[in-house]
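I am opening a notebook on this structure. Entries follow in the order I looked things up.

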Amino acid sequence: MNKTMFSFSESIMTPAQMQPCTPELLNAALDSQQVANTCHEIARRLEEVKEGTLTREAFEKLKSKLKADNLPVACFHASFSDGYRHNQSAEPSGLSIYDVDHLALDPRAYYINKVAGREAELGICLAHVSPSGEGIRLVFEMPRGMSLAEAQQWMAGQLGDDSYDGSVKDLARCSFLVGRDYVLYYDEEELFKEREADVPENAVTIVTKDNAFSAPLPHTSDEATAYEEDFNGVLYPQIVHAMEELLGGVPAQGARNNFIFTMACYLRYVCNDDPFWIAHVLPRYGEEEQKFQLTVRSACARPQAKTVPDLVNRALNRARQQQQVDKAVKASSVNATQPPKMPKRLTKFMRLITKNVPDELKPAVAMSVFPALGAHCKGVTFRYNDNALVEPTFMNVLVAEMSSGKSCVNEPINAIMADIKERDTINRQLMQQYKEQYDTCPADQKKPERPKGLAVQWVKSDMTTAAFVQLMADAGGKFLYSRMDEIGLLNQLKTNGRGNNVTEILRLAYDCGEYGQERVGTKSVSECVEVRWNWNASTTPGKCRNFFKDSMLDGTLSRISFCTIYTEDDRMPVYGIYDDLFQQQVTPFIDNLNNASGLIVCKAANLLAAKMIEENRQFTTLADDDTYRELSYRATLSAFKRGMVLYLLNGKKWSRDIEHFVRWSFHYDMWCKMWIFGEKMRCAMEKDKAVIVPGRRNLMELLPDTFTLDDLNVVRRAQGLGTDGRIQLRKWVSRGYCTLDTASQKYMKSPQFLNSHPKKTA
């Protein structure tokens with residue numbers, strides 16, 4: 001009996017990025033303009049089929065590509081414990097889907113005639129027209145004790161259907177989502193309610209691409225053959241998936257047999273021309289087993305060319321690259337459904353400072369204490385790998401839901417800041433005495449001079465620009481520190497009276513940049529200071545995104561470290577005691593920071609940073625993720641600074657525990673940033689990089705004499721055009737600008753074009 005949710009992914013191309021679906025995710029997908037545009041484009045193409053201007057085969061290929069490239073997916077059947085969409089980790093949700101494809105009548109008419117008014121009776125939570133526009137999908141709660149197949153057969157009986165898509169008996173089967181105008185019925189509360197899934201242990205019928213790799217064709221020999229899992233290091237599922245993409249995507253029901261035949265012909269080159277091996281790795285796509293076997297054998301009986309087809313080589317290269325990306329993504333944990341686990345072995349200081357909070361709160365405390373720790377390091381610098389001198393500047397935001405225990409960081413910070421708070425109390429009293437003397441001094445007497453060296457470090461966020469500059473000047477190179485229970489309190493610090501541009505100061509604070517003001521008044525503050533200001537803030541995910549909504553691309557987010565509280569335990573957390581003994585244990589570590597000065601060098605920290613920089617460079621290249629790349633630069637620097645502070649706390653001794661913590665803190669920080677801002681940053685970066693083309697170019701001249709569709713799409717993207725150049729290629733071929741070699745799927749410029757457009761010489 002499992003209490004689980006169904007799952008969601010931004011794309012069917014990323015089976016390693018399934019996450020629990022929420023109402024926000026689903027509603028955002030239903031209201032997405034990209035989703036709506038894709039569904040409308042498919043509908044327009046379907047009209048061309050009905051008009052006879054587009055073949056059904058061409059429509060099916062185009063539809064498959066449009067869906068795969070643009071539509072998010074939901075796996076209503078299950079969630080996945082490891083974030084990967086496969087049956088091994090599937091946890092049934094208690095929901096099933098019922099698909100009826102290629103309806104003779106309008107899908108909306110089908111719904112009105114057979115379903116409307118019976119939603120509660122049938123347990124239906126969601127109903128919508130399929131992306132093809134020719135079918136209908138019902139998401140319903142499974143009757144208890146039934147398997148997926150039995151539940152769908154039950155629904156067919158309730159609706160009086162003789163035929164339906166029987167290939168949806170796989171827990172890992174996912175469904176493309178549609179635009180809001182395709183939705184016929186949606187009960188959000190019923191869809192997302194907590195339910196107990198009572199599904200038989202052996203309820204999975206493996207008939208689809210998602211799990212066909214464990215459903216081999218029965219072998220004729222007495223002993224089962226043990227086939228290799230990979231071809232030259234590339235896993236067969238990856239090869240099959242790459243071939244599917246190159247052939248236009250998974251086929252529709254009417255084209256399955258031809259598609260299986262074509263796939264089997266290509267797989268002969270990597271499966272030793274063995275029909276049983278091919279059947280072991282090739283999905284069934286819903287085809288009957290006997291017919292599937294005959295098709296595979298027929299493909300293997302066909303005469304085979306000695307040279308490996310270009311498509312097979314392209315599929316191997318693509319599969320190898322995707323395998324590297326998946327490996328890097330899994331290692332980085334950036335797309336995992338929950339943040340990376342904190343190392344079990346910690347440094348002495350980290351064990352002490354986190355010992356009084358439950359395990360689920362330890363990561364938040366461990367990340368949040370660094371601004372307070374850095375505030376103790378006056379005149380301390382570290383040399384980063386680019387030879388820049390950096391200081392222990394830290395800004396941390398704890399992002400978690402309401403009533404999740406965000407206050408857990410307060411007592412550890414109080415213990416770290418105890419000595420500064422004590423000095424601040426004395427200095428504030430002396431400053432108040434000075435103000436009273438100044439105000440009571442007779443006009444005919446010389447006013448007392450402002451005391452020097454009365455540094456107040458723990459300051460409130462509610463201060464004017466003048467106060468901020470003056471406090472910074474008084475600190476004499478020491479760090480100011482602030483702690484805010486809500487991120488919005490940062491807005492209390494206004495710069496030069498021009499409204500809320502506080503993020504400018506945040507960026508200066510990370511870089512210790514210069515800031516100040518010039519005034520002519522004798523009582524006005526005229527100072528230029530280097531900004532040293534560490535701070536902590538807390539907020540909820542929605543407020544955090546809203547506060548930084550205008551700072552996606554200005555470098556603010558990359559300078560701030562983020563942490564969260566991830567727990568499924570709704571019990572009240574129980575904390576340890578922060579007493580005098582605890583304070584006495586913390587003090588020796590803080591003394592190590594207070595006693596440090598000058599340039600601190602740790603070769604082990606720089607070697608670790610070099611490794612992380614290279615690892616991140618390789619990952620971002622493989623993943624082609626500009627957002628991750630931009631955020632990773634300073635996240636690595638911040639992790640290096642945390643390592644150096646731990647090095648000082650540990651008496652200038654490096655250890656494996658510090659290295660493990662530094663690596664974890666980087667991946668944890670990146671996970672939080674991508675979780676909170678990843679999608680918004682991607683959208684902002686795409687808009688920022690949009691190419692404004694002053695005039696159109698002859699795209700054919702930008703291509704080599706022999707080129708592929710992919711080459712054209714790259715050129716189109718560079719010119720600010722859409723990335724689907726197939727229509728353009730058809731026009732070029734029809735007008736004689738180029739010809740297509742069907743064997744290699746490459747295009748060659750025609751002699752007529754080359755003669756009329758000679759290449760320019762330098």
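**Confidence.** I started with pLDDT, since this is a predicted model. Among the elements, I found the lowest mean pLDDT, 50, in strand β1 (residues 2-3). The highest, 97, belongs to helix α15 (residues 370-374). For the protein, the mean pLDDT is 83, and 87% of the residues reach 70 or more.

**Cores.** Which residues touch the most other members of the largest nonpolar core? I get Met350, Leu373, Phe468, Trp533, Trp535, Phe548 and Phe562, out of 109 residues in that core. Helix α25 supplies the largest share of this core, 14 residues. In soluble globular proteins, nonpolar side chains tend to be buried together.

I took Phe468 as a test case. Leaving out residues up to four places away in sequence, Phe468 touches Met463, Leu480, Leu493, Ile505, Tyr515, Val531 and Trp533.

**Lys673.** Next I checked a lysine in helix α25 (residues 656-688), Lys673. Is Lys673 buried or exposed? Lys673 has a relative accessible area of 1%, so I log this lysine as buried. I then listed what Lys673 contacts beyond four places in sequence. The list is Leu557, Ser558, Ile560, Phe562, Leu631, Ala635 and Gly678. Phe562 is on that list, and Phe562 is also among the core residues that touch the most other members.

**Helix α22.** Helix α22 runs over residues 580-595, 16 residues in total. I get 22 Å from its first C-alpha to its last, close to the 22 Å expected at 1.5 Å a residue. Where does α22 bend? The bend is about 30°, at Thr587, and Pro588 follows within four residues. Buried residues of α22 are Phe582, Val586, Phe589, Ile590 and Leu593. Residues three or four places apart in an α-helix point the same way, because there are 3.6 residues a turn. I looked for what covers the buried residues of α22. The cover includes α13 (348-353), α15, α16 (410-416), α17 (418-440) and α24 (626-649).

**Strand β17.** Five of the five residues of β17 are buried. Met395, Val397 and Val399 point one way, Asn396 and Leu398 the other. Side chains in a regular strand alternate between the two faces of the sheet. I then checked partners. With strand β21 (residues 533-539), β17 pairs in the parallel sense over five bridges. Val399 stands opposite Thr539 there. With strand β22 (residues 561-564), β17 again pairs in the parallel sense, over four bridges. Leu398 stands opposite Cys563 in β22.

**Three-stranded sheet.** I also noted an open sheet with the order β16-β15-β23 and mixed pairing. β16 (389-390) and β23 (598-600) stand at the edges with a single partner strand each, so one side of each has no neighbour in the sheet. Strand β15 (residues 380-383) and β16 run antiparallel, joined by two bridges. Phe382 stands opposite Val390 in β16.

**Positive phi.** I flagged two residues other than glycine. Phi of Ser403 is near 60°. Ser403 sits in the loop between β17 (395-399) and α16. Ser403 counts as exposed, because its relative accessibility is 81%. Phi of Cys512 is near 55°. Cys512 lies in the loop between α19 (502-511) and β19 (514-517). Is Cys512 buried or exposed? With a relative accessible area of 13%, Cys512 is buried.

**Val733.** My last entry is Val733, in helix α27 (residues 726-734). At 35% relative accessibility, I log Val733 as partly exposed. Val733 touches Cys738 and Tyr747, not counting residues up to four places away in sequence. I also checked the C-alpha separation of Val733 and Met748. They are 15 residues apart along the chain, and their C-alpha atoms are separated by 9.7 Å.

Definitions and conventions
Residues are numbered from 1 along each chain as its sequence is written. This is a predicted model: local features need pLDDT of at least 70, side-chain atom pairs count only at pLDDT 80 or more; totals for chains, interfaces and linings use all residues. Side-chain values use heavy atoms; hydrogens and water are left out. Buried means under 20% relative accessible area, exposed over 50%, partly exposed in between (1.4 Å probe, protein chains only). Contact means heavy atoms within 4.5 Å. pLDDT is the predictor's confidence in each residue, from 0 to 100. A nonpolar core is a set of buried Ala, Val, Leu, Ile, Met, Phe, Trp, Tyr and Cys residues joined through side-chain atoms within 4.5 Å. The expected span of a helix is 1.5 Å times one less than its number of residues. The bend at a residue is the angle between axes fitted to the seven residues ending there and the seven starting there. Two strands pair if DSSP finds at least two bridges between them.
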